[in-house]
Amino acid sequence: MADLSVRAPLDAEGLVDALFKRVDFKSAGFDRVVVLPRVIADTDSFAIDHDVVIWHCGSPSQPDWNVKAWVWRFALSLTVVNRDPDLNYQLCSFLHETISRWPYDDSTEFGRVGAIPDNPMFELVAIGDIVTTKTAVVRSCMKLIQAGSPR
């Protein structure tokens, strides 16, 4: 019998990117959202005129369940940067609600989110690691995503 845990890893970045491409920020009232898969050199300039959502996936790992070898867990780091504290909170609330619905969404070509075992809300954080502008508002959170790889 083959070892069920030996299989290609989940493409967490592909999965999260596909799910973010489904989000209709404009119809939710957020006209200036830019979604970035990491902090880039232009993050400061984007934050002047836009609401910036930065995400990063940790390395997927398999829980110790050999019977469910297609199940993976990874950390999803999210950061929201803009210049309006009220709008920042509203966008974070929208993202929290949207991501909380991912386990109920249709599958993507990269797999499907099955559960979010740890799903905290965003909190205010120091801005120094993200942007240099002193007028930015930065909220961040780390969610634990459980997803199934495509079959």
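Is Phe-20 buried or exposed, and what is its relative accessible area? In this predicted model, Phe-20 has a relative accessible area of 6% and is buried, because a residue counts as buried when that value is under 20%. The legends below begin with the whole chain and then turn to close-up views.

**Figure 1. The protein chain contains three helices and six strands.** Read from the N terminus on, these elements follow the order α-β-α-β-β-α-β-β-β. The chain has 151 residues, of which 43% count as buried, and it exposes about 8,300 Å², with carbon and sulfur atoms supplying 52% of that area. Among the contacts between residues at least 6 apart in sequence, 67% join residues that are at least 24 apart.

**Figure 2. Phe-20 and Trp-102 belong to the aromatic pairs of the structure, of which a search of the whole structure finds four.** The rings of Phe-20 and Trp-102 are arranged edge-to-face, with 5.5 Å from centre to centre and 80° between the planes. This pair links distant parts of the chain, since Phe-20 sits in helix H1 (residues 12-21) while Trp-102 sits in the loop between H3 and S4, 82 residues apart. Trp-102, with a relative accessible area of 3%, is buried, and Phe-20 is buried as well, at 6%. Ring pairs also bring in Trp-55, so that Phe-20, Trp-55 and Trp-102 are linked into a cluster.

**Figure 3. The largest nonpolar core has 31 residues, and Phe-20, Phe-74, Leu-76 and Leu-91 touch the most other members.** At least two residues of this core come from each of H1, strand S2 (51-57), strand S3 (71-82), H3, S4 and strand S6 (137-148), and H3 gives the most, with six residues. Apart from this core lies another one, of eight residues, among them Val-34, Leu-36, Ala-47 and Ile-54.

**Figure 4. Phe-74 touches residues from several stretches of the sequence, including Leu-10, Cys-57 and Lys-143.** When residues up to four places away in sequence are not counted, the residues that Phe-74 touches also include Ala-12, Leu-15, Val-16, Pro-60, Leu-144, Ile-145 and Ala-147.

**Figure 5. Asp-105 lies in the loop between helix H3 (85-100) and strand S4 (112-118).** Asp-105 counts as partly exposed, because its relative accessibility of 27% falls between the limits of 20% for buried and 50% for exposed. Not counting residues up to four places away in sequence, Asp-105 touches Leu-19, Arg-22 and Arg-112. Asp-105 and Leu-19 are 86 residues apart in sequence, and their C-alpha atoms are 8.9 Å apart in space.

Note on methods. Residues are numbered from 1 along each chain as its sequence is written. This is a predicted model: local features need pLDDT of at least 70, side-chain atom pairs count only at pLDDT 80 or more; totals for chains, interfaces and linings use all residues. Side-chain values use heavy atoms; hydrogens and water are left out. Helices (H or I, at least four residues) and strands (E, at least two) are DSSP runs, numbered from the N terminus. Buried means under 20% relative accessible area, exposed over 50%, partly exposed in between (1.4 Å probe, protein chains only). Contact means heavy atoms within 4.5 Å. Rings of Phe, Tyr and Trp (its six-membered ring) pair if their centres lie within 6.5 Å; planes under 30 degrees apart count as stacked, over 60 as edge-to-face and the rest as tilted. A nonpolar core is a set of buried Ala, Val, Leu, Ile, Met, Phe, Trp, Tyr and Cys residues joined through side-chain atoms within 4.5 Å. Accessible areas come from the Shrake-Rupley method with a 1.4 Å probe; for residues, only the protein chains shown count as cover.
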